[in-house]
Amino acid sequence: MDPNDVILATHASVDNLLHLSGLLERWEGPLSVSVFAATKEEAQLATVLAYALSSHCPEMRARVAMHLVCPSRYEAAVPDPREPGEFALLRSCQEVFDKLARVAQPGINYALGTNISYPNNLLRNLAREEANYALVIDVDMVPSEGLWRGLREMLDQSNHWDGTALVVPAFEIRRSRRMPMNKNELVQLYQVGEVRPFYYGLCTPCHAPTNYSRWVNLPEESLLRPAYVVPWRDPWEPFYVAGGKVPTFDERFRQYGFNRISQACELHMEALKFHPQKEAENQRNKILYRQFKQELKARYPSSPRRC
């Protein structure tokens, strides 16, 4: 795998895998999806569905890694392709998604109807495992057109992104509205109230540090690049791409609430530990540089030049 590639890492219950079709259209790079099956029946459906998708959807085979998570007491059996069944009669990728639409009950991630909590942070960790650069989002979110290409081009221009979190502003849009194709369309909808900051009203402080008004007023550019620096403050939980090793999501957090904030807070705290070490190295090399310059004077006593 290219070390500068960006993985779109996401998670879903079996019923919400319908959103995969939209993600495949908008994200041109690799995807990693953790699927949670809360019951034995869902685990069986997930394995059959994964087989059908890999058989009939070339884009799924080429770009998507699927990971099945289920309670340890349930056994997920990979289906035999010769087995008769509902999915065995399907002949195209569209037929697979149409069939899933008929059997799924979307929107039940946090209300599974069982005594099992939805393990969102475990699923996030599994989806982003071993990725150098990853954008971790929920499965019902839609990346902007060309985001993967823009991130790749930016990362290819420099190898100094480790330790930097590149925040991607997130918005909410009315269901009746067509998805904007570019920033200009998004801003037009933003100005008339058809688009608003993510979690606006539900948890406004969770994304307020992103500084949406500043971002909206930035001129649209052909190349993606960092626009401004924002210090983290509680309870900011941005969606971001970061290189190198970042803290895992704490898997004790399940169901709804505080699961992403906890990881963002640890990312902020962990970054602080590098500053004392960096300062010590800088001071040590500063002293060494002074000594080096004195040695140069002794080595070249007749030179009129200094550095």
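Colleague: Which element gives the most to the lining of the largest cavity?

Modeller: Helix α9 does, with 3 residues; helices (H or I, at least four residues) and strands (E, at least two) are DSSP runs, numbered from the N terminus. Please bear in mind that this is a predicted model, in which local features need pLDDT of at least 70 and side-chain atom pairs count only at pLDDT 80 or more, while totals for chains, interfaces and linings use all residues. Residues are numbered from 1 along each chain as its sequence is written, and side-chain values use heavy atoms, leaving out hydrogens and water.

Colleague: What makes a space a cavity, and how many of 30 Å³ or more does the structure hold?

Modeller: On a 1 Å grid over the protein atoms alone, a cavity is a set of points where a 1.4 Å probe fits but cannot get out, and its lining residues have an atom within 4 Å of a point. The structure holds 1 cavity of 30 Å³ or more, and the largest cavity has about 130 Å³ of space, a volume being the space filled by probe spheres set on grid points that are joined across faces, edges and corners. Its lining comprises 13 residues, and Val-136, Pro-238, Tyr-240, Phe-249 and Gln-263 are those nearest the centre. At least two lining residues come from each of β4 (133–136), β8 (240–242) and α9 (259–272).

Colleague: How do you know that the length of helix α2 agrees with its number of residues?

Modeller: The expected span is 1.5 Å times one less than the number of residues, so the 17 residues of α2 (residues 40–56) should span 24 Å, and the 25 Å between its end C-alpha atoms agrees with that.

Colleague: Which residues of α2 are buried, and what covers them?

Modeller: Glu-42, Ala-43, Ala-46, Thr-47, Leu-49, Ala-52 and Leu-53 are buried, that is, under 20% relative accessible area, whereas exposed means over 50% and partly exposed lies in between (1.4 Å probe, protein chains only). Their cover includes β2 (31–36), α3 (58–63), β3 (64–69) and α4 (93–103), with contact meaning heavy atoms within 4.5 Å.

Colleague: Why is Asp-98 called partly exposed?

Modeller: Asp-98, which is found in helix α4, has a relative accessible area of 34%, and is therefore called partly exposed.

Colleague: What makes the pairing of Asp-98 with Gln-94 a polar contact?

Modeller: Their side chains come to 2.8 Å, and the term requires a pair of N or O atoms within 3.5 Å, where one must be able to donate a hydrogen and the other to accept it, and residues adjacent in sequence count only if both atoms are side-chain atoms.

Terms used: 1 Å grid on protein atoms, 1.4 Å probe; cavity = no way out; pocket = protein on both sides within 12 Å on 5 of 7 lines; lining within 4 Å.
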